[in-house]
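Thanks for coming. I have a few minutes on one structure, so please look at the sequence and the model first.

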Amino acid sequence: MTRILAIETSTELASAAVLADGQIFTRELSGVQTHSQGILPTIQSLLAEAGIALADCDAIAFGCGPGAFTGIRTACGIVQGLAYGAGLPVLPVVSLQAMAQAALEQTAEGEFVCILDARMSEVYWAQYRFTDAHWETVSEPALASMDEVFASLSGVMMLRDLRFVLGNGLALPEALVGNVTSIHCMPHAKQVATLGRTAFDAGNGQAAELAQPLYLRNKIALTTAERAQVKASG
């Protein structure tokens, strides 16, 4: 059976998972500052619990973003090092799709709009459809304001037919509360492992040096003047 090591560090909730012999083992770390120090010992602990060595894995899956700059850079660096050393392929998984997979496991097939806080009054978002046992990307990951997200959706289909998957600290506009389905979850290595296995089985493994982050924003901080403007407008 396919064995996948997975890590997800694109948000403040870091996680690792090992999918082996029909079982999944998971660990979580909280606090972005602990990601780089904590993820390797966590991986070692998970492999020991699963009773396998890194070389026994078929591939390493990782959440490639979008998300926190430091977190996804950490993931790429760790995955490249581990995969190169063990001679394993890598499997990049979009963190927003990992949210969609988590929501699917709680509901049923359909369309999922996944939204993750990007700071600076913006969000990362994407839309996915799950039908006939496979995922389709309806809207590619993008950076936008919440207003822009809902403006782009209003002409596509009835909002009540969509499932909104929201990351920490996000809420639906008041007008939609109670009128649409919303699910709160964060990207997690468990779903990264699941999606990674699908990608591996489809022959989509990549060489270690191709492990690259998905960046949607060149600017990672507001200037003092911009922060003051945001505060004034709020």
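I start with Arg217, which is found in the loop between helix 5 and helix 6. Helices (H or I, at least four residues) and strands (E, at least two) are DSSP runs, numbered from the N terminus. Before going on, the basis: this is a predicted model, where local features need pLDDT of at least 70 and side-chain atom pairs count only at pLDDT 80 or more, while totals for chains, interfaces and linings use all residues. Residues are numbered from 1 along each chain as its sequence is written, and side-chain values use heavy atoms, with hydrogens and water left out.

Is Arg217 buried or exposed? Arg217 is buried, with a relative accessible area of 13%. Here buried means under 20% relative accessible area, exposed over 50%, and partly exposed in between, with a 1.4 Å probe and protein chains only.

What does Arg217 touch, not counting residues up to four places away in sequence? The answer is Ala118, Arg119, Met120, Glu122, Tyr124 and Leu143. Contact means heavy atoms within 4.5 Å. Two backbone oxygens are reached by the Arg217 side chain: that of Ala118 at 2.5 Å, and that of Arg119 at 3.3 Å.

Arg119 itself is in strand 6. Its phi is positive, about 65°, although Arg119 is not a glycine. Most residues other than glycine have a negative phi, and most peptide bonds are trans. At 55% relative accessibility, Arg119 counts as exposed.

**Salt bridges**

How many salt bridges does a search of the whole structure find? It finds 6. A salt bridge is a side-chain nitrogen of Lys or Arg within 4 Å of a carboxyl oxygen of Asp or Glu.

One of them belongs to Arg217, whose side chain meets that of Glu122 at 2.6 Å, N to O. Arg217 is in the loop between helix 5 (189–201) and helix 6 (224–233) and Glu122 is in strand 7, so this pair ties together parts 95 residues apart in sequence. Glu122 is partly exposed, with a relative accessible area of 25%.

Glu111 is buried at a relative accessible area of 9%, whereas Arg129 is partly exposed at 25%.

A further salt bridge is formed by Arg27 and Glu49, with the closest N and O atoms 2.7 Å apart. This one also links distant parts of the chain: Arg27 is in strand 3 (residues 23–30) and Glu49 in helix 1 (residues 35–50), 22 residues apart.

**The cores**

Next, the nonpolar interior. A nonpolar core is a set of buried Ala, Val, Leu, Ile, Met, Phe, Trp, Tyr and Cys residues joined through side-chain atoms within 4.5 Å. Which of the 63 residues in the largest core touch the most other members? They are Ile7, Val18, Ile43, Phe62, Leu96 and Phe112. The largest share of this core, 7 residues, comes from helix 3 (residues 95–106). A second, separate core has 16 residues, including Val123, Trp125, Leu162 and Leu172.

Why is helix 3 said to be largely enclosed by the rest of the structure? Because 10 of its 12 residues are buried. Among them are Ser95, Leu96, Gln97 and Ala98.

**A few local points**

Asn168 is placed in the loop between strand 9 (162–166) and strand 10 (181–184). At 44% relative accessibility, Asn168 counts as partly exposed. Its side chain makes a polar contact with the side chain of Glu12 at 3.2 Å. A polar contact is a pair of N or O atoms within 3.5 Å; within protein, one must be able to donate a hydrogen and the other to accept it, and residues adjacent in sequence count only if both atoms are side-chain atoms.

Two backbone details are left. Gly65 and Pro66 are joined by a cis peptide bond, with omega about 5°, and Pro66 lies in the loop between strand 4 (59–65) and helix 2 (69–86). Asp21, not a glycine, has a positive phi of about 55°, and lies in the loop between strand 2 (13–20) and strand 3.
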